[in-house]
Amino acid sequence: MIRNLFRRDDGRRRVIEALHVRINAAARQPGLYLDLGVPDTVEGRFETLCLHVILVLRRLRQLPAPAEDVAQDLVDSVFAQLDSSLRELGVGDLGVAKRMKKLAQAFYGRAGAYDAALDAGDRPALAVALARNVLARDEAEAGTPLAAYVAAAAEALGRQDLDALLGHGPVLPDPAAFASLAGNPGHRPA
């Protein structure tokens with residue numbers, strides 16, 4: 001089934017767009033902001049989008065062909081969306097190029113940090129990276145609940161094959177379920 005979709009460009013584009021939309025929805029789950037402390041700002045939304053794209057790309061790297069093609073098309077789609085968003089905000093051509101370069105560096109830097117921590121099973125290092133990048137905080141413990149969510153999300157994605165990812169999108173845990181790890185069950189950051 002999947003291979004047939006990738007023989008036709010139109011079908012391929014629709015599949016990638018649907019996956020991208022589902023990843024955007026995952027990155028906008030209210031629990032990320034209300035329960036895990038992600039700032040509900042343009043930067044916070046960029047960080048959660050990057051985080052979820054990185055998690056899906058990790059899984060795609062583990063799957064057989066045509067997962068590699070899906071991964072590249074997904075990255076292309078995400079960066080096309082970012083480019084379009086900058087243009088909608090009124091950023092000119094020269095400004096878009098400079099900002100896209102910075103966004104790409106941020107994305108790939110975060111991917112390296114998150115991948116290394118997840119690959120090593122190093123939850124404290126993951127918490128530090130997430131606290132710094134996603135939560136914009138220096139306290140590593142601030143990233144502990146988010147790190148637990150990310151590790152659980154990576155584990156959940158590890159049980160999904162390409163058909164599942166493309167069919168109904170990434171199935172991820174509810175971020176609110178990790179709020180109690182903040183040391184104050186039921187706490188909802190302001």
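## Before you start

The model is predicted, so local features need pLDDT of at least 70 and side-chain atom pairs count only at pLDDT 80 or more, while totals for chains, interfaces and linings use all residues. Residues are numbered from 1 along each chain as its sequence is written, and side-chain values use heavy atoms, with hydrogens and water left out.

Helices here are DSSP runs of H or I with at least four residues, numbered from the N terminus (strands would be E runs of at least two). Two packed helices are described by the angle between their axes and the distance between the axes. Axes are lines fitted to C-alpha atoms, for helices over the stretch in contact, and angles run from 0 to 180 degrees between N-to-C directions.

## H4 and H5

Let's begin with H4 and H5, whose axes sit 9 Å apart at an angle of about 170°. That makes H4 roughly antiparallel to H5 (the labels are: under 35 degrees roughly parallel, over 145 roughly antiparallel, 65 to 115 roughly perpendicular, the rest oblique). The crossing is left-handed, a word used when the near helix is turned anticlockwise from the far one by less than a right angle; clockwise is right-handed.

Contact means heavy atoms within 4.5 Å. On the H4 side, the residues in contact include Phe46, Leu49 and Val53; on the H5 side, Ala67, Val70 and Leu74 are among them. By class, this contact has 13 nonpolar, one polar and no charged residues. For these classes, Ala, Val, Leu, Ile, Met, Phe, Trp, Tyr, Cys and Pro count as nonpolar, Asp, Glu, Lys and Arg as charged, and the others, Gly among them, as polar.

## H8 and its neighbours

H8 (residues 144–158) meets H7 (residues 123–133), with axes that come within 8 Å and cross at roughly 115°. That makes H7 roughly perpendicular to H8, and the crossing is right-handed. From H7, Arg123, Leu126, Ala127 and Leu130 take part, and their partners in H8 include Thr144 and Leu146. This contact splits into eight nonpolar, one polar and one charged residue.

H8 also packs on H4: the two axes come within 9 Å and cross at roughly 35°, again in a right-handed way. Leu51 and His52 are among the H4 residues involved, and Tyr149 and Gly158 are among those of H8. Here the tally is nine nonpolar, two polar and one charged.

## The largest pocket

The largest pocket has a volume of about 580 Å³. A pocket is found on a 1 Å grid over the protein atoms alone, as an open set of points where a 1.4 Å probe fits, with protein on both sides within 12 Å along at least five of seven lines; lining residues have an atom within 4 Å of a point. The volume is the space filled by probe spheres set on the points, which are joined across faces, edges and corners.

Of its 19 lining residues, Val42, Arg45, Phe46, Leu82 and Ser85 lie nearest the centre. H4 gives the largest share, seven residues. The lining divides into nine nonpolar, five polar and five charged.

## Two loops to look at

In the loop between H7 and H8 you'll find Ala136, a non-glycine residue with a positive phi, near 55°.
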